[in-house]
Amino acid sequence: MINFIERIKDYLTRKDCADMAICTWKSANEESYADFCKRMDAIGKGNLSILMDIYQMMRECTPPEALMLYNWLSDFINGKDVQHIANQQWAGKYTDVIAQCITNKRLWIGVNVKTGTVELLTSPKSELLMVHSGTPIEIWNRLPQETRSYLIGQLDVLMKNSKGCYLLSKLERNMVYQSLAYISRIIFLSHTVFVGEFMANLYDYVMEKKEILAYCMYYFVIFDHGLSRMAKLLDHLLNSGEVDNGDMILIKSCVALLVHKNIEMGTESKAGWEDTAEACNPEIWKEVMFALRKVKGRHGNKKVMQSLDDILIGDKERIKQGIRSFLEENTEDISLAYLQKSLAKAGRIKASTKYMAFHRAIEQFSQHHYGHDIPQKRYGEIKDMVLDLPQRGNSFVKAKRIIDRWTDHFIKNG
């Protein structure tokens with residue numbers, strides 16, 4: 001299997017290529033994506049089959065060392081014999097890194113999601129996924145008060161049923177609570193170091209196996225407001241009246257996580273989340289609003305990713321044949337401005353299409369890179385210009401000749 005992260009080192013280039021590939025796939029597979037969305041909506045009715053399929057795919061992308069750790073934890077929690085791992089490294093090659101981070105509180109673990117590398121650092125770096133350990137007291141105190149109260153209640157029930165724990169003092173009970181929080185932190189650190197390898201496997205899974213489920217998940221989350229739609233599903237479950245206090249805490253924690261990740265990825269705005277929260281249960285509304293207070297929004301214009309099929313109007317195959325002919329005949333970068341103007345005049349492209357969205361679609365379609373500065377500037381100049389009027393300069397004469405010819409072509413062949 002080809003490691004896609006090694007094939008394309010530049011993360012932004014890789015992401016743009018993946019985004020455009022997914023958009024192109026979705027345009028050609030509307031029925032498959034519609035079926036995926038129906039299965040996602042069915043979660044609210046109790047049909048979890050899509051979640052099981054997603055879980056299985058994620059498991060196949062998980063590094064073997066991580067699976068070994070998770071299987072060991074599962075056996076440990078269920079009271080099975082776990083002695084077989086005693087002489088092994090619980091997190092594979094990353095065990096020593098995690099151990100050093102735990103024993104030296106000044107050290108951070110930095111994970112480069114772009115390359116998959118893991119390193120120990122004395123201070124955080126903005127471009128890396130950074131995590132560090134803490135004392136049991138620090139970890140326990142950072143938990144939300146509602147979560148702490150719930151855990152205390154559940155642990156107290158367990159200790160009352162155990163003769164050895166029944167007579168523990170308040171201080172000793174607090175030490176038990178903190179120790180469990182500390183163990184969970186070790187598990188979290190162990191999980192984090194596998195993120196780079198997991199993402200590399202997932203990219204390979206998408207690009208090499210072309211798994212339909214992976215394509216649907218990608219489009220759903222990145223382009224179709226998937227995480228805010230998941231929050232609405234959680235709200236539906238909350239309103240079903242079949243949740244206890246533990247379920248409530250889990251749902252609210254999930255919603256907070258969805259908000260944070262959604263804003264970080266730039267796939268949803270704060271205003272979008274506020275609109276989502278308005279239609280939800282008051283408990284969900286409070287969780288969303290609190291999360292929005294703590295997260296920074298991403299400013300600037302969101303990069304638009306659309307395939308040619310998304311923006312063309314008419315007989316798309318005939319129009320694309322004409323575009324191929326245009327690109328063979330007109331090889332200069334500036335010609336793309338004339339191509340979009342011709343398509344717009346012929347009514348073969350959506351009027352709302354921004355130049356850069358068109359530019360990316362053409363690059364993906366032609367598998368050729370074009371410089372965007374010059375054609376973007378020229379398109380801005382001629383977008384609303386009436387070229388039938390007398391123009392000064394040979395460049396406008398040339399532009400009018402190209403645009404008139406190809407406008408006529410697309411009118412007749414679209």
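Leaving out neighbours up to four places away in sequence, Asn262 is in contact (heavy atoms within 4.5 Å) with Leu227, Ser228, Thr267, Glu268 and Trp273. This is a predicted model, in which local features need pLDDT of at least 70 and side-chain atom pairs count only at pLDDT 80 or more, whereas totals for chains, interfaces and linings use all residues. Residues are numbered from 1 along each chain as its sequence is written, and side-chain values use heavy atoms, with hydrogens and water left out.

**Confidence of the model**

- The mean pLDDT (the predictor's confidence in each residue, from 0 to 100) of the protein is 79, and 78% of its residues reach 70 or more.
- Among the elements of the protein, the lowest mean pLDDT, 46, belongs to helix α1 (residues 4–7), and the highest, 94, to helix α3 (residues 30–41).
- Over residues 1–9 pLDDT stays under 50, and the model has 23 contacts beyond four places in sequence for this stretch.
- Where pLDDT is low, the predicted coordinates should not be read in detail.

**Overall architecture**

- The secondary structure comprises 21 helices and 3 strands; these are DSSP runs numbered from the N terminus, with helices being H or I of at least four residues and strands E of at least two.
- Of the 414 residues of the protein, 41% count as buried; buried means under 20% relative accessible area, exposed over 50%, and partly exposed in between, with a 1.4 Å probe and protein chains only.
- Among contacts between residues at least 6 apart in sequence, 65% join residues at least 24 apart.

**Selected residues in helices**

- Asn262 belongs to helix α13 (residues 245–265) and counts as buried because its relative accessibility is 1%.
- Thr407 is placed in helix α21 (residues 394–412), and it counts as buried at 8% relative accessibility.
- Beyond its neighbours within four places in sequence, Thr407 is in contact with Ser342, Lys345 and Ala346. The C-alpha atoms of Thr407 and Ala346 are separated by 5.3 Å, although the two residues are 61 residues apart along the chain.
- Met58 lies in helix α4 (residues 49–61) and is partly exposed, since its relative accessible area is 21%.
- Not counting residues up to four places away in sequence, Met58 touches Phe198, Leu202 and Met217. Between the C-alpha atoms of Met58 and Leu202, which are 144 residues apart along the chain, the separation is 7.9 Å.

**Cysteines**

- The count of disulfides (pairs of cysteine sulfur atoms within 2.5 Å) is 0.
- Cys61 is buried, at a relative accessible area of 1%, whereas Cys254 is partly exposed, at 31%.

- A cavity is a set of points on a 1 Å grid, over the protein atoms alone, where a 1.4 Å probe fits but cannot get out, and its lining residues have an atom within 4 Å of a point.
- The count is 1 cavity of 30 Å³ or more, and about 30 Å³ of space lies in the largest cavity; volume here is the space filled by probe spheres set on the points, which are joined across faces, edges and corners.
- The largest cavity is lined by Ala18, Ala21, Ile22, Tyr203, Val206, Met207 and Tyr218.
- Helices α2 (11–28) and α10 (195–207) each supply at least two residues of this lining.
- By class, the lining has 7 nonpolar, no polar and no charged residues. Ala, Val, Leu, Ile, Met, Phe, Trp, Tyr, Cys and Pro count as nonpolar, Asp, Glu, Lys and Arg as charged, and the others, Gly among them, as polar.

Conventions
1 Å grid on protein atoms, 1.4 Å probe; cavity = no way out; pocket = protein on both sides within 12 Å on 5 of 7 lines; lining within 4 Å.
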